[in-house]
Amino acid sequence: MIYIRNAAQVVTMAGPNDKPRTGAGMSELGLIENGGIVLEGETIAFVGPDEEARRYVEASGREYEVIDASGKLVAPGLVDPHTHVVFAGSREKELNMRLQGATYMEIMNAGGGIHSSTARTREASEEQLVIETRKRLDRFLEHGVTTIEAKSGYGLRLEDELKQLRVARRLNEEHPVDLVSTFMGAHAVPKEYKADPDAYVKLVTDVMIPAVAAEGLAEYCDVFCEEGVFTPEQSRVVLEAGKRWGLKPKIHADEIEPYAGGELAAEIGAVSAEHLLRVSDEGIRAMAEKGVIAVLLPGTAFFLMTKPAEARKMIEAGVPVALSTDRNPGSCPTESLPFVMNLACLTMKMTPAEVLTACTINAAHAIGRAGRIGSLEAGKQADVVVFDAPNYLYLQYHYGVNLVETVVKKGKTVVADGRRTDR
């Protein structure tokens, strides 16, 4: 049991959480000045003014571990709803290629990009993938991230897609960070199917998706709907097949070119559309109407040195917005969601309040976990972060550094003084 006392501010995100927040609702943080939180087992027992939290603890007559949050900010554990965290190897040479003018698609068509990671991931054993991925999860945790989504998509053949998802399942059981798995066999057309991409789509729909569903390895199905990758028609076929097997649809949409991905997301009932750097106005309107969550990835635009998504336009149109690192080996090799939050303010003009909403309750909605995480409310899972910051505005003002001091995951302190403590 833990009592977090005397916090300068507590960001509770308390409020109606039956659906993601939109518009002005993204600025409602449920702030408590001089707050306290009581955690019992894996659950939040009390959140409120510290004087009331202290009385709760004293009345219980039980012993609590005390975390002094004087002068600090307390917030829900951060949620990262879009990563490709299970892979082998790295692609640092591609940064140099981009600096010399090569585009994302040029690098991929030359055998780099996703194809490079596919080759390394196919070669890797399951144990090697566990070792490499565990290190990334440790960094996520030290940056205040307590839950992430993990996509497959670097296998691009049955045995290796299953291998990635089995690694994610194993680490979800072994590591403090909770992983929510997404099948993304339609991440790219592998080289062996370059001459017949429709045959690969058929492999995904008729072989891979049933196998993934049979083992219960994923909750979601995703597809890279992009010119030169999968057409809107092919993407629809993949996502409809996923739905038939119980996998909820997500979509990589309109990242490089306007490609009607936002419109398709709305039409097919996707939980989220992700990237959206080039989404059309019609796509934004359709997503707002259907409540499709826009998962925006400012770190990817930053690393690819391109214009970021138009977050302000989406928020003003009523689209619920979440943020993510897009952790992957090519276009966003970072585990720092706090830095991505900084970028959301500095490159997309999101406010600090909107950013916190986008990385907590809205991100939780994007992976179907808002009933359990994303806010600090009695009865919810005890995932809490203490930041060395006097208020929530300071998180985005003091940018580019890790201000996470303490992380509590399911009622257990797993990071103290910025370092893992439970290993």
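The model is predicted, so a word on conventions: local features need pLDDT of at least 70, side-chain atom pairs count only at pLDDT 80 or more, and totals for chains, interfaces and linings use all residues. Residues are numbered from 1 along each chain as its sequence is written, and side-chain values use heavy atoms, with hydrogens and water left out.

Start with the whole chain. It has 16 helices and 17 strands; these are DSSP runs, helices being H or I of at least four residues and strands E of at least two, numbered from the N terminus. The radius of gyration, taken over C-alpha atoms, is 21 Å, close to the 22 Å that the globule rule gives for 423 residues, so the chain is as compact as a globular protein of that length. The rule itself is 2.2 Å times the number of residues to the power 0.38. Along the principal axes, the C-alpha trace spans about 70 × 45 × 45 Å.

Of the 423 residues, 60% are buried, where buried means under 20% relative accessible area, exposed over 50%, and partly exposed in between, with a 1.4 Å probe and protein chains only. For contacts (heavy atoms within 4.5 Å) between residues at least 6 apart in sequence, 73% join residues at least 24 apart.

Next, helix α4, residues 113–123, which holds histidine 115. Is histidine 115 buried or exposed? At 14% relative accessibility it counts as buried. Beyond its neighbours within four places in sequence, histidine 115 is in contact with Met108, Ala188, Val189, Pro190 and Lys191. Other buried residues of α4 include Ile114, Ser117 and Thr121. The cover over the buried residues of α4 includes α2, α3, α5, α6 and β9.

Glutamate 126 lies in α5 and, at 32% relative accessibility, counts as partly exposed. Not counting residues up to four places away in sequence, glutamate 126 touches Lys163, Arg166 and Val167.

How do the two helices pack? The angle between α5 and α6 is about 50°, with the axes 10 Å apart. Axes are lines fitted to C-alpha atoms, for helices over the stretch in contact, and angles run from 0 to 180 degrees between N-to-C directions. The pair is therefore oblique: under 35 degrees counts as roughly parallel, over 145 as roughly antiparallel, 65 to 115 as roughly perpendicular, and the rest as oblique. By class, the contact has 5 nonpolar, 1 polar and 7 charged residues. Here Ala, Val, Leu, Ile, Met, Phe, Trp, Tyr, Cys and Pro are nonpolar, Asp, Glu, Lys and Arg charged, and the others, Gly among them, polar.

The second pair is α9, residues 261–268, and α10, residues 281–290, at about 20° with axes 7 Å apart. They are therefore roughly parallel, and their crossing is left-handed. Gly262, Glu263 and Ala266 of α9 make the contact with Glu282, Gly283, Ala286, Met287 and Lys290 of α10.

Helix α9 is mostly covered, with 6 of its 8 residues buried. The cover includes α8, β10, β11 and α10. After α9 comes glycine 269, with a positive phi near 75°.

Notes
A crossing is left-handed if the near helix is turned anticlockwise from the far one by less than a right angle, and right-handed if clockwise.
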